[in-house]
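Please read the report below with the sequence and the three-dimensional view open beside it.

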Amino acid sequence: MDYPILSTVIFLPILGALLIFIMKRSSEALIKWTALAISIINFVLSVPLFTNFDKTTAAMQFTEKTQWISAWNINYSLGVDGISVLFVLLSTLLTILCVTVSWNSIKQKTKEFYAALLLIEGSMIGVFCSTDLFLFYIFWEAMLIPMYLLIGIWGGPNRVYAAIKFFLYTLVGSVLMLVGIIVLYLNTGKSFDILQMMATNYPFNLQMILFWAFFAAFAVKVPMFPVHTWLPDAHTEAPTAGSVILAGILIKMGAYGFLRFSMPILPEATRAMAPAMMVLSVIAIIYGAVICLGQTDLKRLIAYSSVSHMGFVTLGIFALNLQGLQGGILQMINHGIVTGGLFLCIGMVYDRTHTRKIVDYGGAASVLPVYAALFIVFTLASIGLPGTNGFVGEFLIILGGFSASKIMGTLSATGIIIGAAYMLWLYQRVFFMETNPKMQGHTDIDLREILTLLPLIVLVFWIGVYPNTFLSIMDVSVQHLVARVNSPGLQNIQPNVAQQIIEVIK
Amino acid sequence: MNIPFPNLATLMPEIIISVAAMLLLMLDFVFKEKSYLALIGALAAGIVLYVMPASYGVTFGGMFISDSYSMYFKLIFIVNLALTLLLSLKYIEREKAEFGEYYSLLLFATVGMMIMASAGDFIVLYLGLELMALSTYILAGIKRHDIKSNEAALKYFLMGAFSSALLLYGISLVYGLTATTDLYRIAEQLKQTEVSSVLLLGMLLIAVAFCFKIAAAPFHMWAPDVYEGAPTSITAFMSVGPKAAGFAVIGRVFYVTFHGLQTDWTPILIGIAILTMAVGNILALVQTNIKRMLAYSSIAHAGYMLLGIIAGTAEGRQSMMTYMLIYAFMNMGAFAVVILLEKGEEIKDYEGLSKSRPLVAALMLVFMFSLAGIPPTAGFIGKFNIFMAAIKAGYTWLVVVGVIFSAISAYYYLRVVMNMYMKDSTEEARISPSPSIGLALFISVVMIFVIGLMPSLLIG
């Protein structure tokens, strides 16, 4: 296949958004079908990334490179390796589901909604495919605009507060990263090329400063423990599609940032800071899980469970060994599937009951039997039952975490126990017990909704039973990354380190 | 003594605009329809763009310099003039400020700015500055029966006169030490003399006077009141033109004349820049009137641009110039929306705009995000350019301060977006569209995306 596949999957949704933007407001059906068609076509177009992927190399594949801003040596360069390719596919898949789940629930400003959704898809894929740091930053920031609108316009009662909080948190982190990017650029001989940066050894102190600059952006996005407070608000207030995108892909961009930039570009700083990062991760795991026990709002509970699960992801990543990293990446995919699925489920029931309070539910299993059956799959996957995808990811992470630090591995395991407690308790309160009068008279989910959940259910079991399909794709890339991050790079430092450091600090 | 006749070709752009301005004064008696006058002004601006490349050179014994630096700024002034003319056509009719002098004064103010950018001598610089300032004082008060407009004009005049006095005092001190007012000869003289406290005082006074013009804190006090009181088209004109002219002279005076004193003026400007960013961004947060908010935002933007000057490198100066041009488009665009709405001076007026006027709201959204510096708009490219130059010059910590304030600024720009998109209004927003304002909006929004996506056109 000769066409530039990555550019196509990035810009097809963006062009689609423009197309929708010029459509007539009144032709809602046409707008919806166009959005659906574009998202499906985009998914189909992204499948060759999966089938034609060369699993034997850690190099970037499907690369494209064109000069863009010659004065600053900026190139429009794209490429995917075993780590990023899975996220591209996850993005294209989840977007379809976001379109279908919003089919009836978005009633106002339909045109803008689908345009924003497609814009987000395009920029998310752009983030995962960029191999030029400047280009990466453009996509990373540009995505904020439609996401801000998505939360703020179509969200819940407290949406305006949630939207601005989300925007400002992310922006503060991002601009600090921008400073880091410029410093990195000047220290890489004026190049934004990520591959060139990966091959450069920077002095240790510079690496430390840059690590924290990048940390500011990525930790907010993940979100890691002290800067996670935007997430419960944003996830809770966002419309269903927004929550799915946030949980499914957007917060993965933070962890992806660690994998793509912090670790290979700043290996020594990463090694030095890994213990601190693991501590933050374990705090997030336990703290997030404990907070879940006290939640009275369905979406808020799932939102806090994201904090806990992303703690597992960062724990695995900063274990800096093969199992931990593979588990971390796989768990990112898993979390996208499972939490995405849970948010879809909650959105579906919210369309019927218009309440998110757990006390308003009860006995849903007898009223909505099909729905209950599908919901339990995601619940169990979220707990990490063997046979589901959650088990594979968490097992690898704890294995990796345990070999990196016995205490951390042990402590993180308690997160799974509390996780089982809050998820099962949630399921009990919503689906069993006495039938809440408010639950009477609702119809079970229809074919559109079942079809929306089905792909995710298939993936839950696919990864749970045969994770090798996905692990094999990332295997070589992860090995390469582990080798890079654990490489003893110190001997290559020039003698004038001190001078360079002073220059940077000044 | 035989004095050769100076080469006027170098002055051609200024001459054309001046002639057009005087012509307008006379034609005012002929035409009932004042919009023809605007057309003549626009025509003059177009001719200037055409003849400008040929005007390279130095004339009047070095007092007037037309180089690529001044030409870049003249381009900004012409863009500013043209966009203001487009904005004014229908607006001043609506505001009952349709006097022939209006257009004439706009042109005179522009000539003043052009002279400032080209000044090779303090006296010429001062002449240009006064020509610009006097014209804008009148323009700010051109709504004769509006008390706010009167207040704006008087306040602007008093503050402006004060800063002119400071400038003159500074110039005379420097003249006393070097016996010349030529910007380049002063630099040579200063190389041989020792740095004295009198010289530093002179430089400080000059810096303060320029800071008045660019509305940098703590010399910004006039800006919010004047911006609020003046007719909106004039606010738009003032928020770009005099600021650009101020930066043009700062760029020349500090980079050429006081080049040897760089270690002395850098700390002063750093303090001013931090204060300016802080005051502009923090006070903008609490504004309820959009013109006042944009006034504080323009103060903040002056702070970012000062970072380019502080860098002290050719690259830094370049980045400041690029930013100025980008700023012209996005700020003009934002004011164009304010003018387009019949009731659009309060931020509250923007509630529910996306519902009644989706296109207008979308345009405002672009301008707000560009002012906030979010890619893929031009505002991001401008900031990135400045930050890069400053970091390269070693001011990483200052850039960190700058980006934090820039992140804070997102809050008040987003408040407008929030009002437009996330709130509902009971009444339908009324607009007064015209082809000219449509053209101004179109130019602004296209330039924002073109520069944002293809910055190569502007850089290098």
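## Helix pairs in chain A

In this predicted model, helix α1(A) and helix α4(A) cross each other in a left-handed manner. Their axes come within 8 Å and cross at roughly 165°, where α1 of chain A covers residues 5–21. An angle over 145 degrees counts as roughly antiparallel, and that is why α1(A) is described as roughly antiparallel to α4(A). On the side of α1(A), the residues that take part in the meeting include A:L6, A:V9, A:I10, A:F11 and A:P13, while on the side of α4(A) they include A:K111, A:Y114, A:A115, A:L118 and A:L119. Sorted by class, the contact of α1(A) with α4(A) holds 15 nonpolar, three polar and two charged residues.

Helix α4(A), which runs over residues 110–129, also packs with helix α5 of chain A, residues 133–142, at an angle of about 150° and with the axes 8 Å apart. That angle makes α4(A) roughly antiparallel to α5(A), and α4(A) passes α5(A) in a left-handed crossing. From α4(A) the contact draws on A:S123, A:G126 and A:V127, and from α5(A) on A:F136, A:F139, A:W140 and A:A142. By class, these residues of the contact of α4(A) with α5(A) are five nonpolar, two polar and no charged.

## A helix pair in chain B

In chain B, helix α2 (residues 35–51) and helix α3 (residues 68–94) have axes that come within 10 Å and cross at roughly 160°. This angle makes α2(B) roughly antiparallel to α3(B), and the crossing in which α2(B) passes α3(B) is left-handed. Among the residues of α2(B) in this meeting are B:S35, B:A38, B:G41 and B:A42, and among those of α3(B) are B:I78, B:L81, B:A82 and B:L85. The contact of α2(B) with α3(B) comprises 10 nonpolar, three polar and no charged residues.

| Helix pair | Axis distance | Angle |
|---|---|---|
| α1(A) and α4(A) | within 8 Å | roughly 165° |
| α4(A) and α5(A) | 8 Å | about 150° |
| α2(B) and α3(B) | within 10 Å | roughly 160° |

## A residue in a loop

Is A:F192 buried or exposed? This residue lies in the loop between α7 (159–187) and α8 (194–198) of chain A. A residue counts as buried if 20 or more other C-beta atoms lie within 10 Å of its own, and because A:F192 has 26 other C-beta atoms within 10 Å, it is buried. Leaving aside neighbours within four places in sequence, A:F192 is in contact with A:N73, A:I74, A:D132, A:L133, A:F134 and A:Y185.

Chain A has 21 helices and two strands. Its radius of gyration is 22 Å, close to the 23 Å that the globule rule gives for 506 residues, so chain A is as compact as a globular protein of that length. Along the principal axes, the C-alpha atoms of chain A fill a box of roughly 75 × 55 × 40 Å. Buried residues account for 59% of the 506 residues in chain A, and of the contacts in this chain with a separation of 6 or more, 81% are between residues 24 or more positions apart.

Chain B has 18 helices and two strands. A compact globule of 460 residues would have a radius of gyration near 23 Å, and the 21 Å of chain B agrees with this. The box filled by the C-alpha atoms of chain B, taken along the principal axes, is roughly 70 × 55 × 40 Å. In chain B, 61% of the 460 residues are buried, and residues 24 or more positions apart make up 79% of the contacts with a separation of 6 or more.

## Where the chains meet

Between the two chains, 26 residues of chain B are in contact with 28 residues of chain A. On the side of chain B that touches chain A, the elements that give two or more residues are α16 (378–392) and α17 (396–422) of chain B, and α17(B) gives the most, with 13 residues. This side of chain B divides into 20 nonpolar, five polar and one charged residue.

Notes
Residues are numbered from 1 along each chain as its sequence is written. Chains are lettered from A and ligands numbered from 1 in the order in which they are written. This is a predicted model: local features need pLDDT of at least 70, side-chain atom pairs count only at pLDDT 80 or more; totals for chains, interfaces and linings use all residues. Two residues are in contact if their C-beta atoms, placed from the backbone, lie within 7 Å. Helices (H or I, at least four residues) and strands (E, at least two) are DSSP runs, numbered from the N terminus. Ala, Val, Leu, Ile, Met, Phe, Trp, Tyr, Cys and Pro count as nonpolar, Asp, Glu, Lys and Arg as charged, and the others, Gly among them, as polar. Axes are lines fitted to C-alpha atoms, for helices over the stretch in contact, and angles run from 0 to 180 degrees between N-to-C directions. Angles under 35 degrees count as roughly parallel, over 145 as roughly antiparallel, 65 to 115 as roughly perpendicular and the rest as oblique. A crossing is left-handed if the near helix is turned anticlockwise from the far one by less than a right angle, and right-handed if clockwise. The radius of gyration is taken over C-alpha atoms; the globule rule is 2.2 Å times the number of residues to the power 0.38. A residue is buried if 20 or more other C-beta atoms lie within 10 Å of its own, exposed if 12 or fewer, and partly exposed in between; C-beta atoms are placed from the backbone.
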